[in-house]
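Please read it beside the structure shown here.

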Amino acid sequence: MVISNFLENRILPLRGIRVGISGANGALGQALLKSFYNSGAHVVGITSSRTNTKVLDDRNHLIPVKWAIWKCGEEKKLASFLKEIDLLIINHGTNNYKQQYSQIVSTFMNVNAISSIRLLNLAINQTGWYREIWINTSEAEVQPAFSPLYEISKRLIGQLSSLYNCGFYFSQGIRIRKLVLGPFNSRLNPIGIMTPDFVAQQIIYQAKMGMGLIIVSPNPLTYVLMPIVEFTRWIYYTGLMRKVDFKSYDQSIFHSHQKL
């Protein structure tokens, strides 16, 4: 099974597959919907917004997006949608400080990290299963983002996704790709250097090339630091977690605490 999935993941056919993208109303989410649709995939937008943006293809035709509404802490409501998906891209996040200080830490950790792990857990435990999962972690894992809570929460999801990849790829043949992205223009970062369309196209291009660690950044240091960090984690995690049974692992920490 592992060898079969390994080969499938290297090929990554896009035409006809069903792709679910969280954070689909954001700039990158919309760009990914468009890029996957143009590649022949069926797209599902997963969003917390009640107002869904119309997404257009290269010929300004409306893309038929199937929308799923959710919010952090209610990931189980997405179970029926996840059963229809071949590829899940966990892309949602926040960098919004417009709250009372007492709420900011909880919001950043829940949105940027804990909800992503809950969604990953839900996906992994669906019967039938997907080809793989992609998680957008950001280059804030290894570079300053001038937002301390954003950096802390993204480093948490980055380390957890690395741990999950080590465990589930070898035990169940499930591949988790990591998207390490630099600053792109969006509502959260209006001064981002890269365009969302460019980032989305690069993500798909590198995935087609078989890359498990997908890096899109104008900062050359990220291309040096992230592979070193990932390799170090891989050695450390696989060496110390060899006796963990990932086929029956305990998810209670992520299901029983809705707020930090």
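In β4, L88 is the bridge partner of G20, and strand β1 (residues 18-22) and strand β4 (residues 87-90) pair in the parallel sense over three bridges. The model is a predicted one, in which local features need pLDDT of at least 70 and side-chain atom pairs count only at pLDDT 80 or more, whereas totals for chains, interfaces and linings use all residues. Residues are numbered from 1 along each chain as its sequence is written, and side-chain values use heavy atoms, with hydrogens and water left out. Helices (H or I, at least four residues) and strands (E, at least two) are DSSP runs, numbered from the N terminus, and two strands pair if DSSP finds at least two bridges between them.

β1 also pairs with β2 in the parallel sense, over five bridges, and the partner of I21 in β2 is G45. Four of the five residues of β1 are buried, where buried means under 20% relative accessible area, exposed means over 50%, and partly exposed lies in between (1.4 Å probe, protein chains only).

At the other pair, strand β6 (residues 175-181) and β7 are parallel over four bridges, with V216 in β7 as the bridge partner of L181. Here the crossover, from β6 through helix α6 (residues 196-208) to β7, is left-handed. In a regular strand the side chains alternate between the two faces of the sheet. In strand β7 (residues 213-216), L213 and I215 point one way and I214 and V216 the other way, and all are buried.

How far apart are the end C-alpha atoms of helix α2 (residues 27-38)? They are 17 Å apart, which agrees with the 16 Å that its 12 residues should span at 1.5 Å a residue, the expected span being 1.5 Å times one less than the number of residues. Among the buried residues of α2 are L28, L32 and F36, and the helix is followed by G40, whose phi is positive, near 100°.

The largest pocket has a volume of about 1,100 Å³. Of the 40 residues that line this pocket, G93, N95, Y150, S186 and L188 are the closest to its centre. A pocket, on a 1 Å grid over the protein atoms alone, is an open set of points where a 1.4 Å probe fits, with protein on both sides within 12 Å along at least five of seven lines, and lining residues have an atom within 4 Å of a point. Grid points are joined across faces, edges and corners, and the volume is the space filled by probe spheres set on the points. α2 gives the most to the lining, with three residues, while α2, β2 (42-47) and α5 (148-172) each supply at least two.

Conventions. A crossover is right-handed if, with the strands pointing away from the viewer, the path from the first strand over the helix to the second runs clockwise.
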